[in-house]
Number of protein chains: 2
Amino acid sequence: MLSPERALQIVLDQAYLLEPVELRLLDSRGMTLAEEIVSDMDIPPFDNSAMDGFAIRSPDTLGASLHNPVRLKVLEEDLPAGHTTQKSLMPGYAFQIMTGAPIPAGADAVIPVEDVEMRNEEIWISRPYKTHTNIRDRGEEVWAGEVVLTQGKTIYPADIGLLASLGRSKVAVIRKAKVAVIATGDELIDIEENLQPGLIRDSNSYSLTAQIAEAGAIPQRVGIVADQRELVRQALERSLMECDIVLTSGGVSVGKYDLVKEVVEELGAELKFWKVSQKPGKPLAFWTYGQKLVFGLPGNPVAVMFCFERYVRPLILKMMGRGEIFRPTVKAALAHDLKIKTERTQFMRVIVGRKGEVLWASSTGAQGSGILRSMSLANGIATIPPQKEIWKQGELVEVMLIREIEERPERLPPA
Amino acid sequence: MLSPERALQIVLDQAYLLEPVELRLLDSRGMTLAEEIVSDMDIPPFDNSAMDGFAIRSPDTLGASLHNPVRLKVLEEDLPAGHTTQKSLMPGYAFQIMTGAPIPAGADAVIPVEDVEMRNEEIWISRPYKTHTNIRDRGEEVWAGEVVLTQGKTIYPADIGLLASLGRSKVAVIRKAKVAVIATGDELIDIEENLQPGLIRDSNSYSLTAQIAEAGAIPQRVGIVADQRELVRQALERSLMECDIVLTSGGVSVGKYDLVKEVVEELGAELKFWKVSQKPGKPLAFWTYGQKLVFGLPGNPVAVMFCFERYVRPLILKMMGRGEIFRPTVKAALAHDLKIKTERTQFMRVIVGRKGEVLWASSTGAQGSGILRSMSLANGIATIPPQKEIWKQGELVEVMLIREIEERPERLPPA
């Protein structure tokens, strides 16, 4: 059976970069920049004051001391931010100047207001100041022609600020992936319907929709489709038309699974793999349909969420151009012994917590693939390779972190 | 001057929990649950098959072996998921059953389809099966009356799935904070206006708006307000009416800052602190106005973003009921020597990366509080306490992580 590593590789090999769209600046947060941002101007665009104080000529302060202060005459015109003056500063004079205001001609330093004494229309200066003191240079942050942000960068708030200061009200980004979710199964009812004997509520289309949104893509929840060839075909056709990726869940029963499989393949899709040597999520299937990608996810609530985390999320992030497509991983010590009853790679839902300098991974409890609570409690998914049956407390395993590490030992489960 | 620790405490002491609202399930992702979720039903609601196979009576398989297989007659009616049968299973018979289908009366085990041989209307069974094999118990995941999710939990995709399976189409969550952003200053122009001498583009209201959204709150970007008492008052009054938190930025020049300060206080707000012993962000001010909270943020682009990260973000998360209100912190070794020129605590923008087992923190370059790129490049903010001037390469500092740790050493800056 296909290894999880190889299955992931096959999926990622089908990724292609989605096309760019132009968005308003604030709508681009969290997306991938699809253009190189070159500045057409210096930032700041002019030398300006870093402090509230007095713009002076530094040679005027030569030899100044407490016992022999230099006195400069303060000009009547002051220099608030946002205003320029045509006047040049002459020796023996000072302009009162505010933070951000342009440095007037003739001045080459700013003395902070708290460092001078003001008497009548004069300031008394008790030490010399070097040229350039408290002046922010034109182009200090960015110079004209410089590459400010590279294509492919994820846009974070500081980048939004940078782009604003460059006057970019719109920006080209890789568009979000559109991902359809179809839950199949005659046993499924929707959230507000009444339970009848033998029926259960569809939870998969909800958890998948939330996972898609969490990954920054656009979910399209088609909802529940009964096990009827024509309905399955209609739902698939519509989803393939409107979305980049289609997720089906459920219907992995004998004969039924083949219904989804048959319809997908009748439509002309190519099966890339079916069944992966993993627990949960063994019956996972993956097809391509031109550029469209289709996952046949298992029906069990945990298996479906795990397969999304492990295979679909990295694919989505790669198609959206993200540099970092995988969750962070850590090595953690098993908090308890473990007995593995499968020859497949087991992916165990765990809580990873720090006690002192050591990271511990503790099972979230019953690991049945129907037990959604094991996923709700988990902040990580540990990979237990199939090489052996008995694992001892303290042995290191690799954990993919889906949430932050638990830093409060009192909230950790007992080892 | 107030220490950063004390300032943070004063801010957080003013936090109060925002009121709950009822949202549609999928809209509750990432928010704080404002009710205890108790199940009114068992999940699964009935014993059901964990496999595609045959429902049997386990005593029928006693003594079965390869040489002496047990043969059971397969009933004509099969049991797909979503269907129940009124028939009881009699000794010597088997029902074909699909994953998820209710276990019929009389049966107590399911044999997977791949473990039997089917000949004519019989299955041949070559080993004994214990009672309960491949059966998922009613209530295995959740039993009626059980607390499934506790009040205060952040709602993640698995919780959305759990809530769906409980039939909760709506859920009570703590509402999002509304946060106004006012940029003051005569020198500011908006993103699409033409630069004139002495003017710069407002970037702060954009980076703050993005930070507010990233924190999961609702930004209200009021935009640029000129340094005129009446305009500042109108903007503040409207923001205080409509929002929970008001952020002003800029106008920290002499006299001008007092304009914001004076107007805020004329409106009846109470100053909690002004000036914090930190670099950047020294002129930070904080007021309360009844339950509304007002920050006077500095005008410098980095200082404003830093103050948001350090003071506003934890406040927002606390008011939205989040259990974890702080960014994760790590200890990292300085990648280079450092000379500190301030008596205040310095917050240095750094890239934290892993080389082997060691975390290194490397300055993102010029740390002027106008240099937004130092923030754009950073994945962490290191706290450099004021106790000494000279720091050596390898000394440990505490870093607040604002992005993930850089795991690719080749992308780290040289030490």
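Helices (H or I, at least four residues) and strands (E, at least two) are DSSP runs, numbered from the N terminus.

Ground rules. The model is predicted: local features need pLDDT of at least 70, side-chain atom pairs count only at pLDDT 80 or more, and totals for chains, interfaces and linings use all residues. Residues are numbered from 1 along each chain as its sequence is written, chains are lettered from A and ligands numbered from 1 in the order in which they are written, and side-chain values use heavy atoms, leaving out hydrogens and water.

Contact here means heavy atoms within 4.5 Å.

**Sheet with β13, chain B.** I traced an open sheet of six strands in chain B, in the order β16-β13-β17-β21-β20-β18, with mixed pairing. Two strands pair if DSSP finds at least two bridges between them. Here β16 (218–225) and β18 (270–274) of chain B are the edges; each has a single partner strand, so one side of each is left without a neighbour in the sheet. The twist averages 15° from one strand to the next. I then checked β18(B) against β20 (residues 285–289) of chain B: they pair in the antiparallel sense over four bridges. W274(B) has A285(B) of β20(B) as its bridge partner.

**Helices on that sheet.** Helix α1 (residues 4–13) of chain B lies across β18, β20 and β21 (292–297) of chain B, at about 155° to β18(B). Helix α3 (residues 204–214) of chain B lies across β13 (178–184), β16, β17 (245–249) and β21 of chain B. I note that α3 runs at about 170° to β16(B). Axes are lines fitted to C-alpha atoms, for helices over the stretch in contact, and angles run from 0 to 180 degrees between N-to-C directions.

**Sheet with β5, chain B.** I found six strands in an open sheet of mixed pairing, in the order β7-β4-β6-β5-β9-β8 (chain B). Its edge strands, β7 (109–112) and β8 (117–119) of chain B, each pair on one side only. Neighbouring strands are turned by 40° against each other on average, direction ignored. β5 (residues 70–74) and β6 (residues 93–97) of chain B pair in the parallel sense over two bridges. V74(B) stands opposite A94(B) in β6(B).

**Rings.** I counted six aromatic pairs over all chains. Rings of Phe, Tyr and Trp (its six-membered ring) pair if their centres lie within 6.5 Å; planes under 30 degrees apart count as stacked, over 60 as edge-to-face and the rest as tilted. F273(A) and F286(A) have ring centres 5.7 Å apart and planes at 40°, so this pair is tilted. Both residues are buried. F273(A), F286(A) and F295(A) form one aromatic cluster.

**Chain relation.** I laid chain A on chain B with an RMSD of 0.1 Å, by a turn of 180° and a shift of 0.1 Å along the axis. That is the relation of a two-fold axis. Superposition is by least squares on the C-alpha atoms of residues with pLDDT of at least 70 in both copies.

Definitions and conventions
Buried means under 20% relative accessible area, exposed over 50%, partly exposed in between (1.4 Å probe, protein chains only).
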